[in-house]
Every structure is written in C-alpha cells, then in structure tokens.
Amino acid sequence: MSELDWDHLRIFIHVARTGRLSVAAERLKLNHSTVARRMSVLEESIGTRLFDRSPQGVTLTNEGTELLVYAERIEHEAHSMLAHVAGQETLLSGVVRIAVPEAFGCFLVAPALDQFQAEHPEITIELIPESRHVSLSRRDADLIVSTVRPRRGRMFINKLAEFKMGLYASPAYLERRGTPVNAGALATHDFVGFIEDLLDTDDYAPLDQIVENPRLAFRSSSIVSQQSAIAAGIGLGLLHSFAARYSPGIRQILVDEVGVRRAYWLLVHADLRRIPRIRAVIRFLQQLVGAAGSARMLESAVPDPAQTEGGSLGTSSTANSG
C-alpha cells in the first residue's frame, strides 16, 4: 500500500455520503473528473475497490463501508482538534440516514425534528419511510427502526418502545353503518387495509386477526393514506394509537376487544454505534419515545437515555452473525 493522501479521505467521505460523484464535486467545488480521478488514486493506494459504479451513482463495497467508518472517525477527531485549539465547542456535523416505519417517521420523528435541529444544526437527518428491506451492511441507512427483531447480522439492537394498534372509525361512517357492538358484528362492515401482494412495510397488521375475510373497500400500501381514508368515512381500520391523535375526528371502537400490540426495535451497525453524530441521533430517538411514553402515546418506552452510555446502545445485545 502506497502513502495515503489524507485529502482523498475527505473527498471519499463526501462521495460516500452523497452516492454521486457529481454531487460530491459540486459540494467540494471541484471538477467531476478531479473527484473521479482522486477516488481511483485512493483505491489504487489502498489496493482494493471501494465503490460499485453505475449510471445511477456509486455504492460502497464492503471494504468501502469499513473504510468510511475509520474515515469519519478521522474527520470527527480533526474537527475536535481544531475546535479545541480555537477554544470552541465541538460541533457535530454530517448526514444521518434513518429508515423507519411510515407511521413512526410521520407522526413521531418528523414533528420533533425542530428540537433536534436546534441542538445540532449541522447534522442533516434523512428519513426513509420504510425499514423492512433496508440493509445496514450495505449502508442503505445508518440507523433502522423496525417492528421485527433481526435474528442475524453484526449489529446492536435495543428495544425502543411498545405500541398498540386499535380499530378506528369516523363519526360519518358510524352514523351511516352503525357502531359494531362486538367483534362478531365486524363481518358486515367495510374495512381499509393494505394491498397484500405489495406488502413492503413494518406498519402491517393483518385485519384477519380480528375479522375473518374482511371486505376491503379501500387498499393502500401507505398507512398514512389509510388513516386519511378512515377519517373520510370509507371504512373501519387498524391504526397506531399515537398516529390516530393527528386525526381528531376519528375514534377508537371496541377498545377492550380489538387490539394488536407490537414493539419498535432500534438497530445500528456495530461499527457505527460510537460515531458521535450517530450517538446524537440515537439519543434523540430515545428521548423521543421517552416523551411519547410519558404522554401515553406509546404503551411503554425505554428508560431515560442518560442511563445508557452516551445515549448509545449501551444496554443492547448483538444479533448472531451468520
């Protein structure tokens, strides 16, 4: 391996974060050809391929993902050094991509981002409203919130909170069709649900758990669209209790008979959990669900993040590799 040019690592970080040479070049105020040439030189100096290139952009190889972890540590230490010499507080910066179930992202994370931005103005949050097919090992995301606890993978896992889904309806629908008196009466009602052959979401809760062969008057792969349809009086449907608060016109029915309880799990790749900006976002998510638990928007929540190391996954376990 030849001598490493540290400036190449700075460019590498921008290319890895943006996924496109042209975007990285624009941000760095360099020519596209200069960025491409320097990445080729970096790969030659290290002796391995760091990117898979395609017309859509570049994606990190396994070796590139490993290098990025070390490069970002160097970046943070450099910022800390300069801030210390100048007598300034270290300012966390960079992009953190979070993959979350749609309802969690829309109704819990997004409304609270102003608080996070006030504390960390140089960190940009990218929110992906799905998590089932997002990979930490491919670096599709830095953090994943999922309703499924993985059994395999080199990652740290922490249970964020439990939540409940209930059966909801609009006053207009209930006035038109009547209010079901028990679960047995649901067979005569219309429902709003998912398109089963397009299921690609962690928000899924099967209606057939509460009624046999439900008549679906409206289907959507989006739980947010379903909530709008329920509010419009299209039919009955299962919704997250914390999300239903954003549609004050709807109300929960058969509270004691119908309900689905699930949990949110926070996943982070083992190599990323100590990066300061990642830890800052983890702490934000833990505080978020803690506040939601206190407001009874979630069934239960993790303890105060101060009880875990630096707001990281200090109490979590590693899934089995394989």
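## The largest pocket

The largest pocket is lined by 25 residues, and Ala16, Arg97, Arg138, Arg139 and Asp140 lie nearest its centre. A pocket here is an open set of points on a 1 Å grid over the protein atoms alone where a 1.4 Å probe fits, with protein on both sides within 12 Å along at least five of seven lines; lining residues have an atom within 4 Å of a point. Two or more lining residues come from each of helix H1 (6-18), strand S2 (57-60), helix H4 (62-85), strand S3 (94-99) and strand S4 (123-128). Helices (H or I, at least four residues) and strands (E, at least two) are DSSP runs, numbered from the N terminus.

## Basis of the model

This is a predicted model, in which local features need pLDDT of at least 70 and side-chain atom pairs count only at pLDDT 80 or more, while totals for chains, interfaces and linings use all residues. Residues are numbered from 1 along each chain as its sequence is written, and side-chain values use heavy atoms, with hydrogens and water left out.

## The chain overall

The protein chain contains 10 helices and 13 strands. Of its 322 residues, 49% are buried, meaning under 20% relative accessible area with a 1.4 Å probe, protein chains only. Among contacts (heavy atoms within 4.5 Å) with a separation of 6 or more, 75% join residues 24 or more positions apart.

The buried residues of H1 include Leu9, Phe12, Val15 and Ala16. Just after H1, Gly19 has a positive phi of about 75 degrees.

Val58 belongs to strand S2 and is buried, with a relative accessible area of 12%. Beyond residues up to four places away in sequence, Val58 touches Val15, Gly19 and Leu21, among others. The C-alpha atoms of Val58 and Leu21 are separated by 7.6 Å, although these residues are 37 apart along the chain.

## Nonpolar cores

A nonpolar core is a set of buried Ala, Val, Leu, Ile, Met, Phe, Trp, Tyr and Cys residues joined through side-chain atoms within 4.5 Å. The largest has 64 residues, of which Phe104, Leu143, Leu167, Leu236, Phe242 and Leu285 touch the most other members. Helix H10 (residues 276-294) gives the most to this core, with nine residues. A second, separate core of 20 residues includes Leu9, Phe12, Val15 and Ala16.

Notes: Buried < 20%, exposed > 50% of the residue type's maximum accessible area, 1.4 Å probe, protein only.
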